[in-house]
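Me: I've got a model open and I'd like to go through it by question and answer. Can you walk me through the fold with the cut-offs spelled out?

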Amino acid sequence: MLEQTLATRGGVLECGSGLSTVLLATWLAHGDRPLLALEHDPAWAALVESRLPTASRSRVRVASVRLIDYGAFTWYARPSYADGPYELVVCDGPPASTQGGRYGLLPVMARALAGDVRILLDDAHRPAESAILRRWEIEGGFSTAEFSDGAKSYALLTSQATKADAPPGTRAPNPADLRDDREATDR
Ligand SMILES: C[S@@+](CC[C@H](N)C(=O)[O-])C[C@H]1O[C@@H](n2cnc3c(N)ncnc32)[C@H](O)[C@@H]1O
């Protein structure tokens, strides 16, 4: 995660907050990069926010948002201010028990992702995450590199279509079929 934080320059989006949020906020504390962490558990969001380094508070936000039903999947409610562009996404939520798991990142946030976005997906060894990777590769034109220490693994997705020609910070092409603008139903 540190390597990818150093390799990117723009906004960071995190899905599922925790120690990783505090680490990211610490690494970003003395720059001007914004960090938005989406968190479905309000008490956990408040606790994580209380542990953020003071120097990062103006640019780091732990957004306590509900999980909502988008029809084909359930994912975080997108805050109105979450418009990116995000150059790095750390994807470690919502919980595996959520319908569709982490899949919703791409359809819900496609327009907020930079053209050269890098996505770190935790737990890439699990069957559900592996299936999500294959869908994102097809639907988002990403290529994937997987890393493992034996017990745990993660994947790094990079945009095949745009990494050669999109300057940093530009938005990803937005295939209309990635968007799910159907009216979401609050849970
Ligand atoms: C797998 S955790 C990962 C959080 C973060 N990315 C990290 O690595 O520190 C994902 C979710 O689990 C929940 N969670 C994690 N630790 C928790 C704890 N100690 N108490 C309550 N909820 C927790 C939070 O809702 C969080 O969004």
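Me: Which residue in E9 stands opposite Arg-118?
Reply: This is a predicted model, so to speak of local features pLDDT has to be at least 70, side-chain atom pairs count only at pLDDT 80 or more, and totals for chains, interfaces and linings use all residues. Residues are numbered from 1 along each chain as its sequence is written. Strands here are DSSP runs of at least two E residues, helices are runs of at least four H or I residues, and both are numbered from the N terminus. E7 and strand E9 (residues 153-159) pair in the antiparallel sense over five bridges, where pairing takes at least two DSSP bridges between the strands, and the residue in E9 opposite Arg-118 is Thr-158.

Me: How many bridges join E8 to E9?
Reply: Strand E8 (residues 142-148) runs antiparallel to E9, and Ser-148 stands opposite Ser-153 in E9. The hairpin of E8 and E9 has four residues between the strands, and Gly-150 there takes a positive phi near 105°. The number of bridges joining E8 to E9 is seven.

Me: Is Ala-155 buried or exposed?
Reply: Ala-155 lies in strand E9 and touches Leu-121, Ala-124, Leu-133, Thr-144, Ala-145 and Glu-146, leaving out residues up to four places away in sequence. Touching means that the C-beta atoms, placed from the backbone, lie within 7 Å. A residue is buried with 20 or more other C-beta atoms within 10 Å of its own, exposed with 12 or fewer, and partly exposed in between. Ala-155 has 24 other C-beta atoms within 10 Å, so Ala-155 is buried.

Me: What separates the C-alpha atoms of Ala-155 and Cys-91?
Reply: Cys-91 has its own set of contacts beyond four places in sequence, including Cys-15, Arg-102, Ile-119 and Leu-121. Along the chain, Ala-155 and Cys-91 are 64 residues apart. Their C-alpha atoms are separated by 9.8 Å.

Me: Why is E2 largely enclosed by the rest of the structure?
Reply: Leu-35, Ala-37 and Glu-39 point one way from E2, while Leu-36 and Leu-38 point the other way. Strand E2 (residues 35-39) is largely enclosed because the number of its five residues that are buried is five.

Me: Which strands does E2 run parallel to?
Reply: Four bridges join strand E1 (residues 11-15) to E2, with Glu-14 opposite Ala-37. Five bridges join E2 to strand E3 (residues 60-64), where the bridge partner of Leu-38 is Ala-63. E2 runs parallel to E1 and to E3.

Me: Which helix makes a right-handed β-α-β unit with E2 and E3?
Reply: Right-handed means that, with the strands pointing away from the viewer, the path from the first strand over the helix to the second runs clockwise. E1, helix H2 (residues 19-27) and E2 make one such unit. With E2 and E3, the helix is H3 (residues 42-50).

Me: What is omega for the cis peptide bond that joins Gly-93 and Pro-94?
Reply: Pro-94 is found in the loop between E6 and helix H4 (105-109). The peptide bond from Gly-84 to Pro-85 is also cis, with omega near 0°, and Pro-85 sits in the loop between strand E5 (74-76) and strand E6 (86-91). For Gly-93 and Pro-94, omega is about 5°.

Me: What is the phi of Asp-123?
Reply: Asp-123 is in the loop between E7 and helix H5 (127-140). With 17 other C-beta atoms within 10 Å, Asp-123 is partly exposed. Asp-123 is not a glycine, yet its phi is positive, about 60°.

Note on methods. Contact = placed C-beta atoms within 7 Å.
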